[in-house]
Amino acid sequence: MAHLRRTLSPGPGNPSRENGLRSAELVTDRLETPSLDDRTYRVVRLPNQLETLLVHDPQADKASAAMDVAVGSFSDEDDMPGMAHAVEHVSLLPAAAPCPSPADT
């Protein structure tokens with residue numbers, strides 16, 4: 001698959017541009033799809049190097065997102081069991097959720 005090097009810049013007036021945040025890079029928008037599929041697909045690389053698949057469905061009235069991170073308990077260091085599970089919880093906590101105290105863990 002050929003990699004495209006087009007940058008997806010936020011539009012004028014977009015807070016991302018005004019705050020100096022970096023843009024996503026288009027990896028490809030040429031994916032093999034069924035002939036009856038009217039959705040559009042593109043793979044982008046975020047500034048943190050995470051590659052994501054974006055799907056646009058013109059018939060959808062809602063949006064959703066999913067994330068798959070290929071790490072787990074097998075990635076834990078021997079002297080730190082449970083670290084992958086702890087990172088999972090920290091990375092998926094809502095921003096407004098209070099941090100638990102050490103006594104709560």
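**Salt bridges in the predicted model**

The side chains of Arg-45 and Glu-25 meet in a salt bridge, with 3.5 Å from N to O; the term denotes a side-chain nitrogen of Lys or Arg within 4 Å of a carboxyl oxygen of Asp or Glu. Because Arg-45 belongs to strand E3 (residues 40-45) and Glu-25 to strand E2 (residues 24-28), the pair ties together parts that are 20 residues apart in sequence. Strands (E, at least two residues) are DSSP runs, numbered from the N terminus. The model is predicted, so local features need pLDDT of at least 70 and side-chain atom pairs count only at pLDDT 80 or more, whereas totals for chains, interfaces and linings use all residues. Residues are numbered from 1 along each chain as its sequence is written, and side-chain values use heavy atoms, with hydrogens and water left out.

Arg-45 also has a salt bridge with Glu-51, where the closest N and O atoms are 2.6 Å apart. Through shared partners, salt bridges join Glu-25, Arg-45 and Glu-51 into one network.

Asp-37 is buried, with a relative accessible area of 17%, and Arg-39 is partly exposed, with 37%. A search of the whole structure gives 3 salt bridges.

Technical notes:
Helices (H or I, at least four residues) and strands (E, at least two) are DSSP runs, numbered from the N terminus. Buried means under 20% relative accessible area, exposed over 50%, partly exposed in between (1.4 Å probe, protein chains only).
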